[in-house]
Amino acid sequence: MAGVRLEHIFKKYPGSDKATVEDINLDIKDKEFLVLVGPSGCGKSTTLRMIAGLEEISEGKMYIGDRVVNDVAPKDRDIAMVFQSYALYPHMSVYQNMAFGLKLRKVKKEEIDKKVREAAKILDIEHLLERKPKALSGGQRQRVALGRAIVRDPQVFLMDEPLSNLDAKLRGQMRAEITKLVKRLETTCIYVTHDQTEAMTMGDRIVVMYDGIIQQAASPEELYNQPQNLFVAGFIGSPTMNFITGTLSDVNGAVRFRADNLDVEVPGGKAQIVRNKGFIGKEVVMGVRPEDIHEEPVFLEASPNTIFSSLVDVTENLGHEMLLYLSGVGNGTVIARVDGRSTTREGSKPKLAIDMNKVHFFDKESEKNILLG
Amino acid sequence: MDSETLRQKLEQLTGKKTGLKQLGRQQSASLFGVGTEGKEQQPVISEGSLWVPLYDNDGRITTVWVELEGLSSREVQLVNYAAQNFAVALKATGFREEGEVEARQLSSWLNVQLEQEKDDAEIPDDMALKSRLFSDMIPFLLSSENVHSPQVSYRSLMKLLRSYFENEVLLIPLQEKEWLILARKELLTGGDDKEDEEENDDDLLAQTSMGLHELIASEWVGIFHLAVAPAVVPVKGLTGSVALLRETIILGRIFQVGEYIHLPWELRLERLVNSIPDTRRRKLLGQIGDYSSVLSDKEMLLTLETFFEMDCNVSETAKKLYIHRNTLLYRLDKIKQETGADVRSFGDAAIVKLTMLLYKVTKRK
């Protein structure tokens, strides 16, 4: 097994004005499950393909283990890749699909048979070994693609959106299975997805990319609780974090955040940071997650300086929780996530309070989290 | 001269039975000696025949043999001498693997036809491979970027393809970095194995290309473009298919940047735009209006490309881009605001699509 290191990696296509991937620096540890996540066109798949050797590196150095692999052919990198499109060999049976790579490497027949059957057992496709890919469902095809990668026993697994062709239920199931499988095989895994749920549930570490640049690389908890900028804050979490534009002001020694129909006190620690960094009197963006807006009387009683009132436009009861779509606060709709047993109804104007210990403030210009660094 | 001609000459000379045979590693070693790699292997007499080594393929020696029964010792000496001379002449042609010479012969002819734009030329009788070109075959064109392996040998690629296509394949090296692969259609369609009639030829070819691309990318050389054309009977239609494949790769490089599998039926409009002379294209682009703010914005360009790819279906586009439907509608409104074109209407969509293609072909030169 091996780690992977990317040093100042750039990718620029001929004729393109801008780099598709820009100055990527990453140190992926041995046996780590790293997820590259971001919207379409952010450069995550290109980065993965450069690691695989399927895309030329325009600038920078790529290491697998201690070896620079910029000029090493994919077959000699000891990696196995699983694609979104599965890319199975259509004229071969499932068994042949899984065995083919080993056959090319002149592995003994008995050894191939053992490995294929072991992988098939792990993936629960033993009964499909004689079938051709066209006789398989999407989920089964994806398992075969995984099986083909597993039997090669690579140093690194590379997976490019392997679940995005599957329906939601199967995706959830396969998500757990892949995580379990990679842990069991104790192999480094680099996984590309657009889906933040996949990223949050599967990765030891997540790299959020946007516009060819790494926005933040951190553990799922850190990304959620300490987003470095507006993009990460808005990308991770569902429903997304609420952003309210307002001004920070000093009122009798206390720092307050003021926006349309909102006037709340910033707690001491955070107040000191924004004061020290010179944001008093300036317009900033406050980020507050839906679950940090409360309606419970106990919370309201304990937080008299963060109470506001807002019109409930829409309610969505999901059973275990209810989403309140609030209008009139700041510059757009604000979503609050409250208990599923809430009695709040559409058209009402309840009192709510924000847990100000959990909010973030972002610089309006640079979009960076003011409270970090 | 090829090995078959050599065999025929020996047969004429001796009037005895002759043959060509590739020996296994073990048999090669026992007949011609172990560890003879790099040294000139000598003919040997074994089991009443003279065995003349022609070339060594990873320890497997291909030989021509001549039955010696009834020949005097002087005649055997002469046959031995003649066979050795023929073998030397054969090696001097740079011949390394059975099939390569024939493939290169076809390649030279194909290149001449393509240069002269004779897309419907029929393969002449003197082509050694002609007898193998009468059945339906699927042509693939592989254009390598050769980043990791500057020297790609016919032998290594052929070996890989033979394993993949179960020996039912022809490999024609067209240019230094360009290879034509002909695979038998029945192998890929599964012959009588028609359990899924719904799958059409285009889908099958696309899937086959993905599989082949994955195979060659991961097992041989990483970065290359691959195009596939519909099945053809090569003896009549090969030149036309190769011309189509070459054009497809050229179009793919221009219009599908970042993609490596190119399918001709997905590049029809691109073919039309590319056929317009450059000055005319630039003039047209100027006349259509100013779309530069939208087309130079990566996010907007991706949005439009996906929207057209999804047949202007808002929900499907949003799903494919992994964005909310409203976000997509906002972007489409923004495009309308900036350019005056509402891509939800067919007329405007057609103009924007053409503008995008013109923009790509003129800006990405």
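Buried means under 20% relative accessible area, exposed means over 50%, and partly exposed lies in between, using a 1.4 Å probe and protein chains only. What you have here is a predicted model, in which local features need pLDDT of at least 70, side-chain atom pairs count only at pLDDT 80 or more, and totals for chains, interfaces and linings use all residues. Residues are numbered from 1 along each chain as its sequence is written, chains are lettered from A and ligands numbered from 1 in the order in which they are written, and side-chain values use heavy atoms, leaving out hydrogens and water.

Let's start with the part of chain A that carries a record. An unreviewed UniProt entry annotates residues 4–236 of chain A as "domain: ABC transporter"; such annotations use the numbering used here, have shortened feature names, and may be inferred rather than shown by experiment. Over that stretch, chain A is 36% helix and 24% strand, and its end C-alpha atoms are 25 Å apart. Helices (H or I, at least four residues) and strands (E, at least two) are DSSP runs, numbered from the N terminus.

Strands of a sheet pair through backbone hydrogen bonds, either parallel or antiparallel. Two strands pair if DSSP finds at least two bridges between them.

Follow β18(A) through its two pairings. Six bridges connect β17(A) with β18 (residues 321–327) of chain A, with Glu316(A) partnering Leu323(A) and Val314(A) standing opposite Tyr325(A). Tyr325(A) also stands opposite Ile335(A) in β19(A), and β18(A) and β19(A) are joined by six bridges. The hairpin of β17(A) and β18(A) has three residues between the strands, and Gly319(A) in its turn has a positive phi of about 95 degrees. In the hairpin of β18(A) and β19(A), there are six residues between the strands, and Gly328(A) takes a positive phi near 95 degrees. Why is β18(A) largely enclosed by the rest of the structure? Six of its seven residues are buried.

Salt bridges come next. A salt bridge is a side-chain nitrogen of Lys or Arg within 4 Å of a carboxyl oxygen of Asp or Glu, and the whole structure has 33 of them over all chains. One of them joins Glu214(B) and Arg148(A), at 3.8 Å from N to O. This pair crosses between chains, from helix α7 (residues 201–219) of chain B to helix α4 (residues 138–150) of chain A. Glu214(B) is buried because its relative accessibility is 7%, and Arg148(A) is buried at 8%.

Another salt bridge, between Lys364(A) and Glu283(A), spans 2.8 Å from N to O. It links distant parts of the chain, 81 residues apart: Lys364(A) sits in the segment after β21 (360–363) of chain A, and Glu283(A) in strand β14 (residues 283–288) of chain A. Lys364(A) is partly exposed at 38% relative accessible area, and Glu283(A) is partly exposed at 43%.
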